[in-house]
Structure formats: structure tokens, C-alpha cells
Amino acid sequence: MITRLLTGGEAVAHAMRQIDPDVVPVYPITPQTPIIQTFAKLVADGGAHTQIVNVESEHSAMSAAVGSALAGARTITATSSQGLALMAEIVYIAAAMRAPVVVALGNRALSGPINIHCDHSDSMLIRDSGAIQLFVENAQEAYDVMLLATRLAERPDVLLPVFVCQDGFTITHSAEPVRLLDDDDVHAWIGAYEIPFPLLDTAHPTTQGPFAMPDYYYELRHQQVDAMAHALDAIEELGAELEQLNGRRYGLVEEYRLDGAEHVLVCMGSTAGTAKDVVDQLRDEGEPVGLLRICSYRPFPEARVRDALASADEVIVLDRADAPGARGPLATELAAALYGSGMELRGHVYGLGGRELHPDDLREIFAGDVGRFVGLRGAACLV
């Protein structure tokens, strides 16, 4: 192993270099751009043998990715925000056609108004597409989970697109020490690209992307449900395998100081790092608090969440996306998972458009001293 000072975007690019995908269709958008910019330089310097395809839009990027992946080429791309919004139509098709494309997503607010900073509204746009979404906490995890995502997407019992979601700027542009595995170890762990029915296998012709009438559409959609169910076990299994290489364990959730915790915060992404510090401080002050980080948003690990929170009296959910006219998307998942438990549940929306969440904010959230929208200023803006 070697340790390097890398941003999250650069860490993902180095994972891509080691994976050495056959095809990377790309269209730049902030804050995803450094991922592909760094990777393109690594390819130009001879570090990978990838065919980089410059396309005219994110819609085209995912369209090219579906074609190359189904033809028999390992394929990775990247996007953010409005790029994912444009790509969304083809994300549904990629999942339906069981194209194992890996996508590095720099989470960023959706317009309007225009904003280039982090929230999770872009991820929520495709939450029911059939694509897997794994949220990471830091640059190290972004690197590791890109490796895991490649194996996960290509498993015969999964074969779905996998999004590796890292908070825009907070992770994509922030540098920290990242431990990289040896190239040979990554190559051996990733293995060769194989899918059951490649388009170009003329000896075994198949129908791809058919028109489905009511007599088959239902069943084809249900196959994606089955694949998501298989992914729950696959994520844990691959996390255990990867731990043998790097000593770090990844799974569906991360439980942090839940022993004896009566009040548990639930969140995703980089916010967990700040929350862990606040949990430690409050524990030192005698407060029975803990943290549950959701690592796999899709598939949502309902059983694991329910088990992890079984001893809590109160669950506090932080959503970095809002659903106008409804509750936050993560809070809704927790409400469904905990239905019938009698547990008190409250949800808060925070950090929209990149607004900071400070340790003092988290203390107030634990204390119940804030409303549903954390850090909302009273004055309205003119549109």
C-alpha cells in the first residue's frame, strides 16, 4: 500500500486507473469534473488503457455507457446535479437492461436557483430507478467503494448500475491522506469483465431492450426487485472480502456508539464525520447518544436498520434533500422501517445548497431545540 494526499475526486480517479475500465464516456460538470480530469491525465500518461469517449451531454454519456457495457466492455462514467437530471431517463433504461455501469456521483443541489454546492437532491431524483446508491463519508471511502462497486455491479445475481455518491466539494475537492492498494492486488481482486449475455456474442443471440406488453413488463420489473434483494447480501460479502485487502470493513450501515444509546442520529455522507465528533463529546458529558450512518441508500437495508435501532428510544433523521409537500426521503424510509415499533421519530432537513452544519447545530438537534429545517434564515429571498 501507498499513502497519498488526495481529494475525493482524485481518489476515485486513482481507483478508476487501477480498475482500468475499457470505456469511459464523459461529459464534465461541477463538482464531478476533477474525477474525469484526473483520470484523463492518468490515461494520457499511460496509467490505464481506457477508451475515453467525449460526448455532447450526460444523456449521451449514459447512453454510450449502456451500449458499451452490454457489448462486453467494463464501463465507468461520472456526473453531478443537472447532469444526472439529464441522464435520469437512461439510468432507468440501464437498470432495466441490467447494464453494470459504475457511476461516480459528486452530489450537488438541483436547480433552481442555480447552485453548485452539495446536497442530495440529485440522488433522490433517481432513487426508484433500479440503480444502486452507495454513500461515502470521506475520500478514503470513495476510493475503496469504487472498487467494491465494480465487483457489485458485475455480479451475475445483481447486474445493475451502481452510483458511488460523494458529497460535492466537501469530499470531491477536499484533500486527505488516502491509502491506495497495490495495482496488482486491485487487478486480481476486480478480475475480468464478464456478463451473461453480451450483445456481440453472435453465437448466442438475445433480445435486448424489447417492447414489453402487460404480460411481461411486470415480471421484468420484478427481476430488478430481486436483483436489489441480492445486492443486500452482496454488499456485505464484498465488504468482507475487501477488508482482507485493506483492513477496512464496509457494509450496508455503520453503527457508531450505539451501545446504550437512547437518542440515535441517522444520516448519510460526509455529515457523519462531524456527527461522530459531537456524539463523542456528548457521550463524555454523559448523554446516551449514538449514530447510525446509512451507507447503502438503495437497496435500503430495512432489516439492518431496524435491528440497529431496536434499543433506541428516539431516532433523529437528517435529510440533505427535501421533498416539498412531503417528508424528507430518508425520514420516510426510517418511518417505514420502524413502523409498529412505537419508537419516537423526528426528521430534520439540513445543508441544502451546501449550507454548513456546525457541531453546535447537531447539539441543538439532539436536544430537540430546532425546527424541521435546520439553519433556515427568517428573511425570504426575492425570486
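This is a predicted model: local features need pLDDT of at least 70, side-chain atom pairs count only at pLDDT 80 or more; totals for chains, interfaces and linings use all residues.

Q: How many salt bridges does the structure hold?
A: Start with the idea. Side chains of opposite charge can pair when their charged atoms come close. This structure holds 23 salt bridges.

Q: With which residue does R74 form a salt bridge?
A: The partner is E154. Their closest N and O atoms are 2.8 Å apart. R74 sits in the loop between α3 (58-71) and β4 (76-79), while E154 belongs to helix α6 (residues 139-154), so the bridge ties together parts 80 residues apart in sequence.

Q: Are R74 and E154 buried or exposed?
A: R74 is buried, at 7% relative accessible area. E154 also counts as buried, at 10%.

Q: Which residue pairs with D167 in a salt bridge?
A: R320 does, with the closest N and O atoms 3.8 Å apart. D167 is in strand β7 (residues 162-167) and R320 is in the loop between β13 (314-319) and α11 (329-337), so this pair ties together parts that are 153 residues apart in sequence. D167 is buried, with 0% relative accessibility. R320 is buried too, at 8%.

Q: Where do D280 and R257 lie?
A: First, the contact. Their side chains meet in a salt bridge, 3.0 Å from N to O. D280 lies in helix α9 (residues 271-284) and R257 in the loop between β9 (253-256) and β10 (263-267), so the bridge ties together parts 23 residues apart in sequence. D280 is partly exposed, at 22% relative accessibility. R257 is partly exposed as well, at 38%.

Q: How many disulfides does the structure hold?
A: The general idea comes first. A disulfide is a covalent bond between the sulfur atoms of two cysteines. The count here is zero. Take C165, which is in no disulfide. Its nearest cysteine sulfur is that of C118, 10 Å away. A disulfide needs the two sulfurs within 2.5 Å. C165 is buried, at 0% relative accessibility.

Q: Which cysteine sulfur is nearest to that of C267?
A: That of C295, 9.6 Å away. C267 is in no disulfide. C267 is also buried, at 0% relative accessibility.

Q: How many bridges join strand β2 to strand β3?
A: A general point first. In a regular strand the side chains alternate between the two faces of the sheet. Now the case. Four bridges join β2 (residues 23-26) to β3 (residues 51-54), and the two strands run parallel. P25 stands opposite V53 in β3.

Q: Through which helix does the chain cross from β2 to β3?
A: Through helix α2 (residues 33-44). This β-α-β crossover is right-handed.

Q: How many residues has the largest nonpolar core?
A: In soluble globular proteins, nonpolar side chains tend to be buried together. The largest core here has 102 residues. Those with the most contacts inside it are M62, L152, F163, L292, L309 and L334.

Q: Which element gives the largest share of this core?
A: Helix α6, with ten residues. The core also draws at least three residues from each of domain 1 (2-185 + 210-246) and domain 2 (254-367).

Q: Which residues other than glycine have a positive phi?
A: S81 is one of them, with phi about 45°. S81 is in helix α4 (residues 81-96) and is buried, at 0% relative accessibility. F169 is another, with phi near 65°. F169 is found in the loop between β7 and β8 (175-180). F169 is partly exposed, at 23% relative accessibility.

Notes:
Residues are numbered from 1 along each chain as its sequence is written. Side-chain values use heavy atoms; hydrogens and water are left out. A salt bridge is a side-chain nitrogen of Lys or Arg within 4 Å of a carboxyl oxygen of Asp or Glu. Buried means under 20% relative accessible area, exposed over 50%, partly exposed in between (1.4 Å probe, protein chains only). Two strands pair if DSSP finds at least two bridges between them. A crossover is right-handed if, with the strands pointing away from the viewer, the path from the first strand over the helix to the second runs clockwise. A nonpolar core is a set of buried Ala, Val, Leu, Ile, Met, Phe, Trp, Tyr and Cys residues joined through side-chain atoms within 4.5 Å. Domain bounds come from an automatic or database domain assignment.
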